[in-house]
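Open the model in your viewer and keep the selection tool at hand. The tour below goes from one selection to the next and says what is there.

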Amino acid sequence: MSIFRSEEHVRQWIRAHDYQMGAVVPLSQVWRLARAWYNDPRSASWRPRTRDESQAVLASVGLTGDFWELRR
Amino acid sequence: MATPLTREPAIDPVALRVFVYDETLARGRPPSSAVIGARFDTSPREARRALASLNIGKTVLVDPRSGEIWMAGPFSAVASAYRVVSGSRDWWANCAWDMFGVSMIANERVLIETRCTDCAEPMTIACDPAVEPSDDAVVHFLLPASHWYDDIGFT
(Lines give C-alpha, C1' and ligand atoms only; values in the text may rest on other atoms or scores of the structure.)
Protein backbone atom coordinates (compact mmCIF):
# COMPACT_ATOMS: atom_id res chain seq x y z
CA MET A 1 0.00 0.00 0.00
CA SER A 2 1.89 2.99 -1.34
CA ILE A 3 1.22 6.70 -1.22
CA PHE A 4 1.04 8.92 -4.31
CA ARG A 5 0.41 12.62 -4.81
CA SER A 6 -2.54 11.87 -7.09
CA GLU A 7 -4.20 9.16 -9.17
CA GLU A 8 -2.27 10.45 -12.21
CA HIS A 9 0.97 9.64 -10.40
CA VAL A 10 -0.36 6.13 -9.73
CA ARG A 11 -1.01 5.70 -13.46
CA GLN A 12 2.48 6.90 -14.38
CA TRP A 13 4.05 4.51 -11.86
CA ILE A 14 1.93 1.59 -13.09
CA ARG A 15 3.04 2.25 -16.67
CA ALA A 16 6.68 2.65 -15.70
CA HIS A 17 6.77 -0.66 -13.82
CA ASP A 18 4.36 -2.60 -16.05
CA TYR A 19 2.12 -3.42 -13.10
CA GLN A 20 -1.62 -3.97 -13.19
CA MET A 21 -3.76 -1.22 -11.72
CA GLY A 22 -5.07 -2.12 -8.28
CA ALA A 23 -7.36 0.09 -6.20
CA VAL A 24 -6.84 3.81 -5.66
CA VAL A 25 -8.21 4.97 -2.31
CA PRO A 26 -8.40 8.56 -1.02
CA LEU A 27 -6.18 9.28 1.97
CA SER A 28 -9.21 10.11 4.13
CA GLN A 29 -10.67 6.64 3.52
CA VAL A 30 -7.36 4.96 4.40
CA TRP A 31 -7.34 6.99 7.62
CA ARG A 32 -10.84 5.66 8.42
CA LEU A 33 -9.63 2.14 7.63
CA ALA A 34 -6.66 2.50 10.00
CA ARG A 35 -8.90 3.88 12.74
CA ALA A 36 -11.27 0.92 12.42
CA TRP A 37 -8.51 -1.68 11.97
CA TYR A 38 -5.99 -0.86 14.67
CA ASN A 39 -6.86 -1.53 18.28
CA ASP A 40 -4.21 -1.09 20.92
CA PRO A 41 -2.39 -4.44 21.25
CA ARG A 42 -1.30 -3.42 24.76
CA SER A 43 -4.81 -4.11 25.98
CA ALA A 44 -4.98 -7.46 27.80
CA SER A 45 -8.26 -8.22 26.02
CA TRP A 46 -6.75 -7.69 22.56
CA ARG A 47 -6.91 -10.64 20.18
CA PRO A 48 -6.35 -11.05 16.45
CA ARG A 49 -9.49 -10.63 14.39
CA THR A 50 -11.05 -13.50 12.52
CA ARG A 51 -11.21 -13.34 8.73
CA ASP A 52 -14.92 -12.40 8.86
CA GLU A 53 -14.28 -9.65 11.41
CA SER A 54 -11.55 -8.21 9.19
CA GLN A 55 -13.89 -8.35 6.20
CA ALA A 56 -16.50 -6.46 8.21
CA VAL A 57 -13.95 -3.74 9.03
CA LEU A 58 -13.17 -3.29 5.34
CA ALA A 59 -16.88 -3.07 4.54
CA SER A 60 -17.46 -0.57 7.36
CA VAL A 61 -15.30 1.98 5.55
CA GLY A 62 -16.80 1.29 2.14
CA LEU A 63 -14.21 -1.18 0.82
CA THR A 64 -16.46 -3.80 -0.74
CA GLY A 65 -16.45 -5.92 -3.89
CA ASP A 66 -14.18 -8.63 -5.30
CA PHE A 67 -10.94 -6.68 -4.88
CA TRP A 68 -11.51 -6.40 -1.11
CA GLU A 69 -12.52 -10.02 -0.54
CA LEU A 70 -10.11 -11.64 1.93
CA ARG A 71 -9.10 -15.25 1.31
CA ARG A 72 -11.36 -17.82 2.93
CA MET B 1 25.05 -39.60 36.52
CA ALA B 2 22.77 -37.83 34.07
CA THR B 3 23.00 -34.07 33.86
CA PRO B 4 19.66 -32.51 34.82
CA LEU B 5 17.99 -30.56 32.05
CA THR B 6 17.84 -26.87 32.79
CA ARG B 7 14.54 -25.41 31.71
CA GLU B 8 14.27 -21.70 31.08
CA PRO B 9 11.12 -19.99 32.31
CA ALA B 10 8.47 -19.55 29.63
CA ILE B 11 7.36 -16.03 28.75
CA ASP B 12 3.67 -15.27 29.11
CA PRO B 13 2.45 -14.39 25.58
CA VAL B 14 0.18 -11.53 26.68
CA ALA B 15 2.93 -9.97 28.79
CA LEU B 16 5.30 -10.37 25.84
CA ARG B 17 2.91 -8.70 23.40
CA VAL B 18 2.32 -5.79 25.79
CA PHE B 19 6.07 -5.39 26.37
CA VAL B 20 6.83 -5.41 22.64
CA TYR B 21 4.37 -2.59 22.00
CA ASP B 22 5.28 -0.62 25.15
CA GLU B 23 8.92 -0.69 24.10
CA THR B 24 8.17 0.13 20.48
CA LEU B 25 6.04 3.11 21.41
CA ALA B 26 8.58 4.39 23.95
CA ARG B 27 11.77 3.79 21.98
CA GLY B 28 10.67 3.87 18.35
CA ARG B 29 11.79 0.34 17.45
CA PRO B 30 10.68 -3.13 18.56
CA PRO B 31 12.88 -4.62 21.29
CA SER B 32 15.62 -7.13 20.50
CA SER B 33 15.56 -10.66 21.86
CA ALA B 34 18.32 -9.61 24.27
CA VAL B 35 16.14 -6.82 25.69
CA ILE B 36 13.13 -9.14 25.89
CA GLY B 37 15.22 -11.81 27.60
CA ALA B 38 16.50 -9.31 30.16
CA ARG B 39 12.97 -8.09 30.89
CA PHE B 40 11.63 -11.58 31.45
CA ASP B 41 14.74 -12.88 33.19
CA THR B 42 15.49 -15.44 30.53
CA SER B 43 17.80 -15.92 27.58
CA PRO B 44 17.62 -14.27 24.15
CA ARG B 45 17.10 -17.74 22.73
CA GLU B 46 14.01 -18.27 24.87
CA ALA B 47 12.83 -14.79 23.86
CA ARG B 48 13.15 -15.68 20.17
CA ARG B 49 11.28 -18.93 20.79
CA ALA B 50 8.49 -17.03 22.54
CA LEU B 51 8.28 -14.48 19.71
CA ALA B 52 8.08 -17.23 17.10
CA SER B 53 5.23 -18.91 18.95
CA LEU B 54 3.19 -15.80 19.73
CA ASN B 55 0.60 -17.04 17.24
CA ILE B 56 -1.26 -13.76 16.78
CA GLY B 57 -1.78 -13.89 13.03
CA LYS B 58 0.37 -11.48 11.05
CA THR B 59 0.58 -8.96 13.89
CA VAL B 60 4.12 -9.71 15.10
CA LEU B 61 6.39 -11.25 12.48
CA VAL B 62 9.97 -12.34 13.04
CA ASP B 63 12.86 -12.44 10.61
CA PRO B 64 13.21 -16.16 9.78
CA ARG B 65 17.03 -15.90 9.77
CA SER B 66 17.67 -13.90 12.92
CA GLY B 67 14.52 -14.65 14.91
CA GLU B 68 14.31 -10.94 15.78
CA ILE B 69 11.13 -8.89 15.31
CA TRP B 70 10.75 -7.75 11.72
CA MET B 71 7.42 -6.02 12.10
CA ALA B 72 5.00 -5.46 14.94
CA GLY B 73 2.04 -4.15 12.99
CA PRO B 74 1.77 -1.30 12.18
CA PHE B 75 5.41 -0.69 13.19
CA SER B 76 8.40 -1.75 11.13
CA ALA B 77 11.67 -2.71 12.80
CA VAL B 78 13.59 -1.46 9.79
CA ALA B 79 13.61 1.87 7.99
CA SER B 80 10.77 2.29 5.53
CA ALA B 81 9.32 4.99 3.26
CA TYR B 82 7.00 6.08 6.07
CA ARG B 83 8.55 7.88 9.04
CA VAL B 84 6.09 8.86 11.73
CA VAL B 85 7.20 11.62 14.12
CA SER B 86 5.77 12.77 17.45
CA GLY B 87 7.91 15.22 19.39
CA SER B 88 11.29 13.61 20.03
CA ARG B 89 10.08 10.13 19.10
CA ASP B 90 9.80 8.57 15.69
CA TRP B 91 8.70 5.24 14.29
CA TRP B 92 8.78 3.48 10.94
CA ALA B 93 5.47 2.28 9.53
CA ASN B 94 5.19 -0.67 7.15
CA CYS B 95 3.05 1.07 4.53
CA ALA B 96 0.69 3.97 3.81
CA TRP B 97 -2.10 2.22 5.71
CA ASP B 98 0.11 1.54 8.71
CA MET B 99 1.40 5.13 8.87
CA PHE B 100 -2.06 6.06 10.14
CA GLY B 101 -2.16 2.94 12.32
CA VAL B 102 0.87 4.21 14.26
CA SER B 103 -1.02 7.40 15.10
CA MET B 104 -4.06 5.35 16.16
CA ILE B 105 -2.11 3.05 18.48
CA ALA B 106 -0.02 5.88 19.93
CA ASN B 107 -3.25 7.91 20.16
CA GLU B 108 -1.23 10.99 19.32
CA ARG B 109 -1.13 13.62 16.64
CA VAL B 110 1.86 12.88 14.44
CA LEU B 111 3.64 14.12 11.36
CA ILE B 112 4.27 11.59 8.64
CA GLU B 113 7.29 12.13 6.43
CA THR B 114 7.15 10.24 3.17
CA ARG B 115 7.55 10.65 -0.59
CA CYS B 116 5.32 10.14 -3.60
CA THR B 117 6.01 6.57 -4.74
CA ASP B 118 6.04 7.76 -8.37
CA CYS B 119 8.01 11.01 -8.44
CA ALA B 120 9.71 10.91 -4.99
CA GLU B 121 8.46 14.40 -4.15
CA PRO B 122 8.63 14.77 -0.33
CA MET B 123 5.24 14.74 1.37
CA THR B 124 4.42 15.66 4.95
CA ILE B 125 1.06 14.59 6.29
CA ALA B 126 -0.34 15.67 9.64
CA CYS B 127 -2.37 12.90 11.23
CA ASP B 128 -4.70 13.40 14.17
CA PRO B 129 -6.28 10.14 15.38
CA ALA B 130 -9.55 12.00 15.88
CA VAL B 131 -9.71 14.19 12.76
CA GLU B 132 -9.99 12.87 9.22
CA PRO B 133 -7.25 14.28 6.98
CA SER B 134 -8.15 16.48 4.02
CA ASP B 135 -4.98 15.96 1.94
CA ASP B 136 -5.47 15.25 -1.75
CA ALA B 137 -3.05 12.32 -1.79
CA VAL B 138 -4.15 8.77 -2.58
CA VAL B 139 -3.06 5.26 -1.61
CA HIS B 140 -2.69 2.53 -4.19
CA PHE B 141 -3.43 -1.05 -3.17
CA LEU B 142 -1.54 -3.05 -5.79
CA LEU B 143 -2.75 -6.49 -4.70
CA PRO B 144 -6.31 -7.63 -4.08
CA ALA B 145 -7.10 -8.48 -0.46
CA SER B 146 -7.03 -12.23 -1.18
CA HIS B 147 -3.27 -11.93 -1.85
CA TRP B 148 -2.22 -9.56 0.93
CA TYR B 149 -0.66 -12.29 3.02
CA ASP B 150 1.07 -14.23 0.22
CA ASP B 151 4.21 -12.13 0.67
CA ILE B 152 3.69 -9.60 3.41
CA GLY B 153 6.94 -7.77 2.66
CA PHE B 154 5.92 -7.12 -0.95
CA THR B 155 2.36 -6.24 0.05
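In β8(B), which residue is the bridge partner of Ala23(A)? The partner is Phe141(B). Before going further, note that this is a predicted model, in which local features need pLDDT of at least 70 and side-chain atom pairs count only at pLDDT 80 or more, while totals for chains, interfaces and linings use all residues. Residues are numbered from 1 along each chain as its sequence is written, and chains are lettered from A and ligands numbered from 1 in the order in which they are written.

**Stop 1**

Select β2 (23–26) of chain A and β8 (138–141) of chain B. Helices (H or I, at least four residues) and strands (E, at least two) are DSSP runs, numbered from the N terminus. The two selected strands run antiparallel and are joined by four bridges; two strands pair if DSSP finds at least two bridges between them. Another bridge pair to click on is Val24(A) with His140(B).

The three strands make an open antiparallel sheet in the order β1(A)-β8(B)-β2(A). β1 and β2 of chain A are at the edges with a single partner strand each, so one side of each has no neighbour in the sheet. Direction ignored, neighbouring strands here are turned by 35 degrees against each other on average. (Axes are lines fitted to C-alpha atoms, for helices over the stretch in contact, and angles run from 0 to 180 degrees between N-to-C directions.)

**Stop 2**

Chain A has three helices and two strands, and from the N terminus on its elements run β-α-β-α-α. Its radius of gyration (taken over C-alpha atoms) is 15 Å, well over the 11 Å that the globule rule gives for 72 residues, so chain A is more spread out than a compact globule. The globule rule is 2.2 Å times the number of residues to the power 0.38. The C-alpha trace of chain A spans about 45 × 25 × 20 Å along its principal axes.

Bring chain B back. How many residues of chain A are in contact with chain B? There are 37, and they meet 39 residues of chain B; two residues are in contact if their C-beta atoms, placed from the backbone, lie within 7 Å. On the chain A side, α2(A) gives the most, with nine residues. By class this side has 23 nonpolar, six polar and eight charged residues. Ala, Val, Leu, Ile, Met, Phe, Trp, Tyr, Cys and Pro count as nonpolar, Asp, Glu, Lys and Arg as charged, and the others, Gly among them, as polar.

**Stop 3: the nonpolar core**

Select Val30(A), Ala34(A), Ala93(B), Ala96(B), Trp97(B), Val102(B) and Val139(B), which touch the most other members of the 52-residue largest nonpolar core. Such a core is a set of buried Ala, Val, Leu, Ile, Met, Phe, Trp, Tyr and Cys residues joined through C-beta atoms within 7 Å. A residue is buried if 20 or more other C-beta atoms lie within 10 Å of its own, exposed if 12 or fewer, and partly exposed in between, with C-beta atoms placed from the backbone.

Centre on Ala96(B). Leaving aside neighbours within four places in sequence, its contacts are Met1(A), Ser2(A), Ile3(A), Val30(A), Tyr82(B) and Val139(B).

**Stop 4: the sheet of chain B**

Seven strands of chain B form an open antiparallel sheet in the order β1-β2-β3-β5-β4-β6-β7. Its edge strands are β1 (60–62) and β7 (122–127), each of which pairs on one side only.

Select β3 (75–76) and β5 (89–93) of chain B, which two bridges join in the antiparallel sense. Ser76(B) has Trp92(B) as its bridge partner. Are the residues of α4(B) mostly buried or exposed? Nine of its nine residues are buried. After α4(B) comes Asn107(B), with a positive phi near 55 degrees.

**Stop 5: β6 of chain B**

Select β6(B). One face, with Val110(B), Ile112(B) and Thr114(B), is covered, and the other, with Leu111(B), Glu113(B) and Arg115(B), is uncovered. Three bridges pair β6(B) with β4(B), and Val84(B) stands opposite Ile112(B). Six bridges join β6(B) to β7(B), where Leu111(B) stands opposite Ala126(B). β6(B) and β7(B) form a hairpin with six residues between them, and Ala120(B) in the turn has a positive phi of about 70 degrees.
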